[in-house]
Amino acid sequence: MPAPASQAILLIQTAFIGDVILATALLEQLHRTEPDTPVDFLVRKGNEGLLQGHPHVRNVLVWDKKKDKYRGLWRLLQQIRKTRYDRVITLQRFASTGFLTAFSEARERVGFDKNPFSRWFTQVVPHIIGPGVHEVSRNLHLLGSNSGSTITPPRLYPSAADEAAVAAYAAAAPYLCIAPTSVWFTKQFPPEQWLKLLAALPAHYTVYLLGGPPDVAACDALAQTAGRPGLVNLAGKLSLLASAALMRGAVLNYVNDSAPMHLCSAVGAPTCAVYCSTVPYFGFGPLSPFSRVVEIKGDLECRPCGLHGYAKCPLGHFLCAYGIETQQLLAVLAEAESGTR
């Protein structure tokens, strides 16, 4: 095995937006403990904007999973070997990223024990889902046994251009942000429930609907049905980092257990996270200084129904979402307004 060309590290996280955001905690930890070590980051195509201009990232590698997926994987392996990293760390439990790590020819190859290629890693870390174990803590253990004992929050760095893109919207203070959609249906607070909240929110607030290009139609429909003055649909109009910059200045951000919640965590934005089919126990809860979780009162025998979510409620009633009361959401706003954050 060739000696590494430098002490450079490659972090691999090619899953969803929220997963990449949470993985930035490792960048913060490495910068604190090894400020002179170059760090590269591999993400799936579409998520590279999250790390644009990140001060602790040397290079961003991109894997296009939708075009020549496996040829692209092989090309990435050649690129990784050519760079001759000292350490390659995969944050995922999937074979593809395990393959890149195992055969990277790096001196240290680190990943979770549940990865199919873990037998070829030089360091294997147990992947534990349990009470009080946050995903950030799980990931930090990949840097060493002591690294996950204290949670280092994830962090993103909106640029001056991102700040400028939202300056006019932020000037309309006070304002609230709502990110109403999710990739998973059963993680998504239903439109009927958001409409109840929009009708009950104090009239002096400007309310911004946030989301990506796939969320434009859903946010348009919500805005048109609500008919609320001062309700602005910004879905598809802002980059992820610009959205984070806007959320940072909100009195409160209403989000699902989804990527916008992690955007809030990465810039310290006040957060009300609505949990439907999933539960904070899984370790993906909000990490902002002011963070509150809203979920159905009492227990449902069917909840949680899975780690991620489903395209529809397996039992057809979706009580974990429809059982949440508007007053629960308003109570979090009252708390945020009181200055306790």
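How many salt bridges are counted between domain 1 and domain 2? The count between these two domains is 0, and the sections below set that result beside the other contacts in this predicted model.

## Overall architecture

The protein is made up of 11 helices and 12 strands. Its radius of gyration is 21 Å, close to the 20 Å that the globule rule gives for 341 residues, so the protein is as compact as a globular protein of that length. Along the principal axes, the C-alpha trace spans about 65 × 45 × 40 Å.

The domain assignment divides the protein into domain 1, covering residues 9-142, and domain 2, covering residues 164-338. The centres of domain 1 and domain 2, taken over C-alpha atoms, are separated by 29 Å.

## The interface between the domains

Across the interface, 17 residues of domain 1 are in contact with 14 residues of domain 2. Together the two domains bury about 1,300 Å² between them, and 75% of this area lies on carbon and sulfur atoms. Within domain 1, the residues that lose the most area to domain 2 are Ile21, Ile129 and His134, which together account for 33% of what that side buries.

Although the count of salt bridges between domain 1 and domain 2 is 0, there are 4 residue pairs in polar contact between them, with both residues of each pair at pLDDT 80 or more. On the side of domain 1 that touches domain 2, the elements that give two or more residues are helix 1, at residues 17-33, and helix 4, at residues 135-140. Of the elements on this side, helix 1 gives the most, with 5 residues. Sorted by class, the side of domain 1 that touches domain 2 has 9 nonpolar, 5 polar and 3 charged residues.

## Salt bridges in the protein

For the protein, the count comes to 12 salt bridges, whereas the count between domain 1 and domain 2 is 0. One of the salt bridges is formed by Glu34 with Arg87, where the closest N and O atoms are 2.5 Å apart.

This pair links distant parts of the chain, for Glu34 and Arg87 are 53 residues apart. Glu34 is placed in the loop between helix 1 and strand 2, the latter at residues 39-44, while Arg87 belongs to strand 4, at residues 87-90.

Notes:
Residues are numbered from 1 along each chain as its sequence is written. This is a predicted model: local features need pLDDT of at least 70, side-chain atom pairs count only at pLDDT 80 or more; totals for chains, interfaces and linings use all residues. Side-chain values use heavy atoms; hydrogens and water are left out. Domain bounds come from an automatic or database domain assignment. Contact means heavy atoms within 4.5 Å. Buried area is the accessible area (1.4 Å probe) that two parts lose on being put together, summed over both. A salt bridge is a side-chain nitrogen of Lys or Arg within 4 Å of a carboxyl oxygen of Asp or Glu. A polar contact is a pair of N or O atoms within 3.5 Å; within protein, one must be able to donate a hydrogen and the other to accept it, and residues adjacent in sequence count only if both atoms are side-chain atoms. Helices (H or I, at least four residues) and strands (E, at least two) are DSSP runs, numbered from the N terminus. Ala, Val, Leu, Ile, Met, Phe, Trp, Tyr, Cys and Pro count as nonpolar, Asp, Glu, Lys and Arg as charged, and the others, Gly among them, as polar. The radius of gyration is taken over C-alpha atoms; the globule rule is 2.2 Å times the number of residues to the power 0.38.
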